[in-house]
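Please look over the sequence and the structure before reading on.

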Amino acid sequence: MKELLVFTEKLSAVCGAYTISTEKYNNESLWIGSGDKRLFSSKNGRWYIGNTATMVQDSGWIRSLEHAGKNPWECSSWETFEKVGRPWQVDPGIQVTASTHDDKIRDVSVTASEEVSMIMKRAQPQALKNEPTRPVIKASTKPLPKAADSTSADAEIARMRAELAAQKRANDALSAQLSLLTDSSSETETLLIKLRQQLLQMEQQHTADNSEIDHLRSELHTKEAIIADYQHEIQDLTHKLAHHSDKPHNSDLNGKLRSWAASVLSDL
């Protein structure tokens, strides 16, 4: 499987597509997301979703239970990291699935074209198929049926595919904007984790005075507010992308072609 899709409502920064790399990590497959996001296997035999920085630490924001050689999409139980000092939380809302989107688009287009071709063959008058050879054939005054014009079928299919391509370009633009936001949110989240760890060390070791700790806490609150804004914008873009999804348009391509072929048959 060349691509995985990751979705979770609790941590939208990790959502998106991950493409398999030619490289291996800990003798297992490595999956690369947008920016520096990575899906990898740790030394302790868990799948982790993080970035290049957390990968070096053998950690991340989401992890599976010990996979025992299973692929990521075959793991049924995943956990989320929420705060420093808190245990990992089991999250049934995490979905890691194998992507079949491109195959579905290709199958719909091929199926629709083949079906129109079969309908047009069946549309030929049965009398012409069975009529024996004669020395003289009287010309018919009846105009040729519309189904005999293959150019019309090609033009209709080309028009519908052009609509599909335009819809895909709009989706790609939204996806690019969403990817940029998720990358920014991911980088801020990584910085936030480091600040929390630094604050925890200061409080435990008493290595700083109260003014330094207060300053660090203020910086933490600022980063948390930035991440909240990122997540709000990501949710809005995800909602827009869902409404502009080309999946209904893809399945509608087959229906439009069937309706068009049926109208041709009615004119015979």
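Why does V14 count as buried? V14 is buried because its relative accessible area is 1%, where buried means under 20% relative accessible area, exposed over 50%, and partly exposed in between, with a 1.4 Å probe and protein chains only.

The model is predicted, so that local features need pLDDT of at least 70 and side-chain atom pairs count only at pLDDT 80 or more, while totals for chains, interfaces and linings use all residues. Residues are numbered from 1 along each chain as its sequence is written, and side-chain values use heavy atoms, with hydrogens and water left out.

**Overall composition**

The protein chain holds 6 helices and 9 strands. These elements are DSSP runs numbered from the N terminus, with helices (H or I) of at least four residues and strands (E) of at least two. Of the 268 residues in the protein chain, 35% are buried. The chain exposes about 16,600 Å², and carbon and sulfur atoms supply 53% of that area; accessible areas come from the Shrake-Rupley method with a 1.4 Å probe, and for residues only the protein chains shown count as cover. A contact means heavy atoms within 4.5 Å. Among contacts between residues at least 6 apart in sequence, 53% join residues at least 24 apart.

**The sheet**

An open sheet of 9 strands runs in the order β8-β7-β6-β5-β4-β3-β2-β1-β9, with antiparallel pairing. Strands β8 (89-90) and β9 (95-98) stand at the edges with a single partner strand each, so one side of each is left without a neighbour in the sheet. Two strands pair if DSSP finds at least two bridges between them. Strand β2 (residues 16-25) pairs with strand β3 (residues 28-32) in the antiparallel sense over 4 bridges, and S29 in β3 is the bridge partner of K24.

**Nonpolar cores**

A nonpolar core is a set of buried Ala, Val, Leu, Ile, Met, Phe, Trp, Tyr and Cys residues joined through side-chain atoms within 4.5 Å. In soluble globular proteins, nonpolar side chains tend to be buried together. The largest core here has 16 residues, of which V6, V14, Y18, L39, I49 and W78 touch the most other members. Strands β1 (3-7) and β5 (46-51) are the elements that give two or more residues to this core. A second, separate core of 8 residues includes L192, L199, L216 and L220.

V14 is found in the loop between β1 and β2. H67 is in the loop between β6 (62-66) and β7 (78-80), and L237 is in helix α5 (residues 210-243).

| Residue | Relative accessible area | Contacts |
|---|---|---|
| V14 | 1% | V6, T8, K37, I49, W61 and I62 |
| H67 | 5% | E28, S41, G45, R46, W47 and C75 |
| L237 | 6% | L174, Q177, L178 and L181 |

V14 and S186 are 172 residues apart in sequence, with their C-alpha atoms 7.6 Å apart in space. For L237 and L174, which are 63 residues apart along the chain, the C-alpha separation is 7.0 Å. In H67, a polar atom of the side chain lies 3.0 Å from the backbone nitrogen of G69.

Key. Polar contact = N/O pair within 3.5 Å; in protein donor to acceptor, adjacent residues only side chain to side chain. Lists of a residue's contacts leave out its neighbours within four places in sequence.
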